[in-house]
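Here's a quick briefing to read with the model open beside you. Take a look around the fold, then work through the points below.

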Amino acid sequence: MRASPTARIERLEVRACNLATEGGPESDGTAVWDSTTMVIVQPRAEGITGLGYSYVAAAAAGFIRDVLAPAVVGKSAFSIAEAWTAMRVAARNHGATGLVAYAISAVDVALWDLKAKLLGVALADLLGAARDCVPVYASGGFTSETNDELVEELDGYVAEGHRRVKIKIGRTPEHDLERVRRAREAVGKGVELMVDANGGYPRKRALAFAEQLAGLGVVYFEEPVSADDLDGLRLLRDRAPAPVAIAAGEYGDHPAYFRHMLDAGAVDILQADATRALGITGFMQVDALCAAHEVPLSSHCAPAIHAHAGAAATRLVHLEHFRDHARMESMMFDGAPVVEDGTVAYDPKRPGLGLVLDESEARRHAA
């Protein structure tokens, strides 16, 4: 142990950084964006600094500073459940979901990182790793790309050793089948092909499209309809032909959200994101729910965090190596995981998440 068992959280610093996309606006089935904001949290105890973050509006930084920091400063650096509960109590009158949940998530991730660093162990090992490495899928293929640009991107993923790739669809349904055909030709039969409509289809169009996707060997259809439409997701899950698995859950930000989705039998694979679902603490709760329902789990985005949380999640089948987030993590941090042979492995020799913030980049992109 690098610190005494009585270590207390002395202070908590927070900042927001905004990074523009690589080549102009990007889009999926239902949204368009030209930048992404990362809110970074750094708690400190006995000379050790933790690190956590979420992808959320800069307003979350103010909420962390004004509401959450006073709730956790002075708490034991080893009693994360106590701090997690204190944050939820402090946030009660501000709403429990959305930006508030994302803010709690960033702090919780940072506290887990701090605890692991105080103990001198990798976060995955502190959580109890179930595996040394985590299968990943390359995620990009935005609808803002032409088909030729999509093929070029997918060629790059295959060259990097990815065994699974996911593309966006849903913005122009009349062109989506050709888009998927081009993607299948680009990656070949040996690579799993996945698609994400971001809730862009009505039920019947989604069901008809699922049947066409099966003919192209697509194995994963994410949010064919809105994630709020549990009946629609259940319809797709029941009637979509093999091998098309229906997935959703990335917007979940509290335990009841995931329980309702599982109780409804809405998905073949449940998604969860530690930067939204109340941190590492919440993510591991989702893994337990998946175990109880015997449903696989897939982590959404933030690959550097999920390389550890995913290694400890017993129901995890893969991690999303999202193009924008992977780029941001490699720019902002030293130690971001690298994909090798379709997997990412955490480094057991690097304490916590194994990340070190690049202060110059943080200042350069300050929001």
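Let's start with a word you'll need throughout: a residue is buried if its relative accessible area is under 20%, exposed if it is over 50%, and partly exposed in between (1.4 Å probe, protein chains only). This is a predicted model, so local features need pLDDT of at least 70 and side-chain atom pairs count only at pLDDT 80 or more, while totals for chains, interfaces and linings use all residues. Residues are numbered from 1 along each chain as its sequence is written, and side-chain values use heavy atoms, with hydrogens and water left out.

**Cysteines**

- Cys133 is partly exposed, with a relative accessible area of 32%.
- Cys17, at 0% relative accessibility, counts as buried.
- How many disulfides (pairs of cysteine sulfur atoms within 2.5 Å) does the structure hold? There are 0.
- For Cys17, the closest cysteine sulfur is in Cys301, 18 Å away, and that's too far for a bond.

**The nonpolar cores**

- A nonpolar core is a set of buried Ala, Val, Leu, Ile, Met, Phe, Trp, Tyr and Cys residues joined through side-chain atoms within 4.5 Å.
- The largest one has 122 residues, and Ile64, Val180 and Phe221 touch the most other members.
- Helix α3 (residues 99-119) gives this core its largest share, 14 residues. Helices here are DSSP runs of H or I with at least four residues, strands are runs of E with at least two, and both are numbered from the N terminus.
- There's also a second, separate core of 6 residues, including Tyr137 and Met194.
- Skipping neighbours within four places in sequence, Phe221 is in contact (heavy atoms within 4.5 Å) with residues including Ile169, Tyr201, Phe209 and Leu213.

**Strand β7**

- Of the 7 residues in β7 (residues 133-139), 5 are buried, so the strand is largely enclosed by the rest of the structure.
- Strands pair if DSSP finds at least two bridges between them. β7 has 3 bridges to β16 (residues 343-345), running antiparallel, and Val134 stands opposite Val344 there.

**Helix α8**

- Which residues of α8 (residues 230-239) are buried? They are Gly232, Leu233 and Leu236.
- These cover an arc of only 100° around the axis (taken from the directions from the helix axis to the C-beta atoms), which puts them on the same side of α8.
- The buried residues of α8 pack against α7 (203-215), β11 (245-248) and α9 (255-263).
- Exposed Asp231, Asp238 and Arg239 are on the face of α8 turned away from its buried side.

Definitions and conventions
A disulfide is a pair of cysteine sulfur atoms within 2.5 Å.
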